[in-house]
Structures are given as C-alpha cells and as structure tokens.
Amino acid sequence: MNMMIDIKRLLSLGFCRRRGTYMNSMTEARRRTGMTPKVGAYDNRRDALESLVKVAVLLACTAAIAAGPALGRAKRSCVPEHPILPRMIDGEGFAVDGDTIVLLVEGQRFGEVRLFGIDAPELRSRMSKEEPQAGLRARDALDRLLSSGGDRVRVIPIEHDRYCRIVGRIEVGGHDIAEAMLRGGWAYVFTTWAFGKGRDPGLAKGYIALQRQARDDDAGLWPLWLGKR
C-alpha cells in the first residue's frame, strides 16, 4: 500500500526529467520501499547515450568533409559533345564573347570553341550582370575578324576545358585569330594555358611579344586596362 502511495506521488510529480529532481525522487521511493538505491544507473545510461550521439555526429562530420571535394567535382562535371577531338574542323564561326565562338559544321551546331592561349574581358559582370564596355568591344573585335573571312574558320583542337568546351587555335584565311586579338589589344595572354606543360614555347613567346607591343602602342583596350582613360 505504501509503495502504491509513493508511486502515485511520483506520478503526480510527473517524474520530472531534470536530473537532480528525478534522481532524488527515485532514491526516496526506493528507500521507503526497501529497494537498494542505484544512484549511478541513470548517470551511466545518460553518459552512454551522450557518447553514442557524439560518435554519430563525429562520423557524420567526417563523412561530409571527405565527400566535399567529390561533391564539388560532381557539380562541375560535364560530358563533352565530342569526346574524341578531330585533327582539324572546318566550319562557320560566330562570336559568343571576346574569346569564344560557336562553331557550325554544314549548318549544324558543332559546339563552342574557346580560343587557346588568350583571355578577353567578360561579356557580363558576374556581380552586376551589366554588360561592361570592354567585354562588348572585345566581342565586336572578334566578330569583325570572323566576318573578314566570311565567317569561315578552321579550328585546330587541343583539348577540352573544365566546361567541356573545345579549346583550340582558330584560323581565318590561314591567320591565327588569337594573334590578331592580341595585336589589336582586345585580349591578353592566358599564361596558364600558353605556358602549360607540353605547350609550344615558341608560340607562347610569340603571344607575349604581341601583347607587349599592343600595350606599348596603347592599342585596343590597353589604355583602359592601364588606367589611362
């Protein structure tokens, strides 16, 4: 009877989940009913549960850190439209921006081709999305060069870039378009490509010489890049 009264009393108190109150109530109940108090049992179960939670969180964090680079690569991964690059491609080229064209072969879209060895100003600002003057002028310069040959181009593929575009030399009437863009001051040497492993050092040095001459002559966009206007 006394046990029932004590249990009802504990139930009326709601078996408070706060550690101190709960333990005191359980100890008092066991004392009155002649049960041996197990003071450390609750602590042991609680500590074991906390340890399991910590281990689970640690394992989850470790897995996330390890998967981070792989997830980043998966996000950037793509499949080239033409995995096997031909030795050369003849077609029509139209400027996308100052260093990229879209190539048509027999009237059908073949893909985008990135000019090897040079870089031009972005057509759109990544922050404001406004078309800066330099990007427009570089694109117009490339468009004029393509139009001078009736938009007929010859592409000499070299590799794919991380966006799976073809990277290669582009010729119009036998003239290297990258050289013409550098000579006119509409682009600058992309040294990461031009001087990369396995590249033709003579080609890279020729590009650098053209860039230096255009800079000295204040050609194209160089006055803007040098802060002269």
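In which sense do S1 and S5 pair, and over how many bridges? In this predicted model, S1 and S5 run antiparallel to each other and are paired over 4 bridges. The legends below take up this pairing, the hairpin and the disulfide.

**Close-up 1. Strand S1 paired with strand S5 in the antiparallel sense.**

**Close-up 2. The hairpin that joins S1 to S2.** Strand S2, made up of residues 100-105, pairs with S1 in the antiparallel sense over 5 bridges, and the hairpin connects the two strands through 2 residues. Within this pairing, glycine 93 is found opposite leucine 103 in S2.

**Close-up 3. The disulfide between cysteine 78 and cysteine 164.** A search of the whole structure finds 1 disulfide, in which the S to S distance between cysteine 78 and cysteine 164 is 1.9 Å. The pair links distant parts of the chain, 86 residues apart: cysteine 78 lies in the loop between helix H3 (39-76) and strand S1 (89-97), whereas cysteine 164 lies in the loop between strand S5 (152-160) and strand S6 (166-172). Because the torsion about the S-S bond of cysteine 78 and cysteine 164 is about 100°, the disulfide is right-handed.

**Close-up 4. Solvent accessibility of cysteine 78 and of cysteine 164.** Cysteine 78 has a relative accessible area of 36% and is therefore classed as partly exposed, while cysteine 164, with a relative accessible area of 16%, falls under the 20% cut-off and so counts as buried.

Key
Residues numbered from 1 in each chain as written. Predicted model: local features only at pLDDT ≥ 70, side-chain atom pairs only at ≥ 80, totals over all residues. Heavy atoms only, no water. Disulfide = S-S within 2.5 Å. Buried < 20%, exposed > 50% of the residue type's maximum accessible area, 1.4 Å probe, protein only. Pairing = 2+ DSSP bridges.
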